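This report describes a single protein chain for a reader who meets it here for the first time. Please consult the sequence and the structure shown below while reading.

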Amino acid sequence: MTEYRCDALIIGGGPAGLTAAIYLTRYHRRVIVVDEGNSRAKWIPRSHNHAGFPNGIAGEDLLHRMREQAERYGATIVTGRIDTVAQNADDFDAHGAGITLFARSILIATGVENRRPSIDAAVHRDALDRGLLRYCPICDGYEATGQAIGVIGADTHGVAEALFLR
């Protein structure tokens with residue numbers, strides 16, 4: 001994709017960005033989602049925190065379903081990264097490697113980036129897959145109910161998460 005005009009540019013293709021894309025395309029807006037593919041949600045082995053999936057759903061499956069639904073209604077999803085945004089009189093110019101977009105509005109849904117502990121990549125992946133390592137106390141705290149857990153963190157943020165989980 002080199003140049004395109006849209007009603008709404010959504011930067012970030014995680015659950016928040018894809019939910020916005022579904023709603024906006026159903027309002028007959030031309031929507032482009034630009035996503036690097038690094039959504040924190042894809043690392044969730046099984047989430048019970050998403051409405052409509054009482055038995056839980058894997059993060060990658062959830063993202064796949066949401067992406068399909070957004071595309072079904074007309075959203076264009078581009079793999080890439082937006083590096084700069086500038087506002088003009090009538091719209092925004094957004095640029096990335098091989099991407100130039102002009103949008104009437106921009107929604108930034110880039111989420112958060114995990115601060116990984118210094119452990120081997122294979123051990124990290126195994127711990128995620130087995131539910132032994134979790135990153136989101138909101139999404140995953142319930143699964144730890146009644147268990148002894150540890151919180152890896154620093155400063156007031158780590159303390160706040162530990163208190164929240166308590």
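Leaving out residues up to four places away in sequence, Ser-47 touches Gly-56 and Ile-57, where contact means heavy atoms within 4.5 Å. Ser-47 belongs to the loop that runs between β2 (31–35) and α2 (59–72). Helices (H or I, at least four residues) and strands (E, at least two) are DSSP runs, numbered from the N terminus. With a relative accessible area of 6%, Ser-47 is buried; the term buried stands for under 20% relative accessible area, exposed for over 50%, and partly exposed for values in between (1.4 Å probe, protein chains only). A polar atom of the Ser-47 side chain lies 3.1 Å from the backbone nitrogen of Asn-49.

The model is predicted, so local features need pLDDT of at least 70 and side-chain atom pairs count only at pLDDT 80 or more, while totals for chains, interfaces and linings use all residues. Residues are numbered from 1 along each chain as its sequence is written, and side-chain values use heavy atoms, with hydrogens and water left out.

**Overall architecture**

The protein chain contains 5 helices and 6 strands. In sequence order they follow the pattern β-α-β-α-β-β-β-β-α-α-α. The C-alpha trace spans about 55 × 35 × 30 Å along its principal axes. Of the 166 residues in the chain, 36% are buried. Among contacts with a separation of 6 or more, 53% are between residues 24 or more positions apart. The chain exposes about 10,800 Å², of which carbon and sulfur atoms supply 51%; these areas come from the Shrake-Rupley method with a 1.4 Å probe, and for residues only the protein chains shown count as cover.

**Nonpolar cores**

In soluble globular proteins, nonpolar side chains tend to be buried together. A nonpolar core is here a set of buried Ala, Val, Leu, Ile, Met, Phe, Trp, Tyr and Cys residues joined through side-chain atoms within 4.5 Å. The largest such core has 18 residues, and Ile-10, Ala-21, Val-31 and Val-33 have the most contacts inside it. The elements β1, α1 (15–26), β2 and α2 each give two or more residues to this core. Apart from neighbours within four places in sequence, Ala-21 is in contact with Ile-10, Val-31, Val-33, Ala-70 and Ala-75. A second, separate core of 11 residues includes Val-34, Val-78, Ile-82 and Ala-103.

**The hairpin and the loop beside it**

Strands β5 (residues 92–96) and β6 (residues 99–108) run antiparallel and are joined by 5 bridges; two strands pair if DSSP finds at least two bridges between them. Together β5 and β6 form a hairpin with 2 residues between them, and Gly-98 in the turn has a positive phi of about 75°. Gly-96 stands opposite Ile-99 in β6.

Gly-96 is also one of the contacts of Asp-83, together with His-95 and Ala-97, when neighbours within four places in sequence are left aside. Asp-83 lies in the loop between β3 (76–79) and β4 (84–87). Although Asp-83 and His-95 are 12 residues apart along the chain, their C-alpha atoms are separated by 5.9 Å.

**Polar side chains**

Asp-7, in strand β1 (residues 3–11), counts as buried at 11% relative accessibility. Leaving out residues up to four places away in sequence, Asp-7 touches His-28, Arg-29, Arg-30, Ala-103, Arg-104 and Ser-105. In contrast to the buried Asp-7, His-157 is exposed with a relative accessible area of 55%. His-157 is found in helix α5 (residues 155–165).

The table gives polar contacts, each a pair of N or O atoms within 3.5 Å; within protein, one must be able to donate a hydrogen and the other to accept it, and residues adjacent in sequence count only if both atoms are side-chain atoms.

| Side chain | Partner | Distance |
|---|---|---|
| Asp-83 | Arg-81 side chain | 2.8 Å |
| His-157 | Glu-161 side chain | 2.9 Å |

**Cysteines**

A disulfide is a covalent bond between the sulfur atoms of two cysteines. The structure holds 0 disulfides, a disulfide being counted as a pair of cysteine sulfur atoms within 2.5 Å. Cys-6 is buried, at 3% relative accessible area, and Cys-136 also counts as buried, at 16%.
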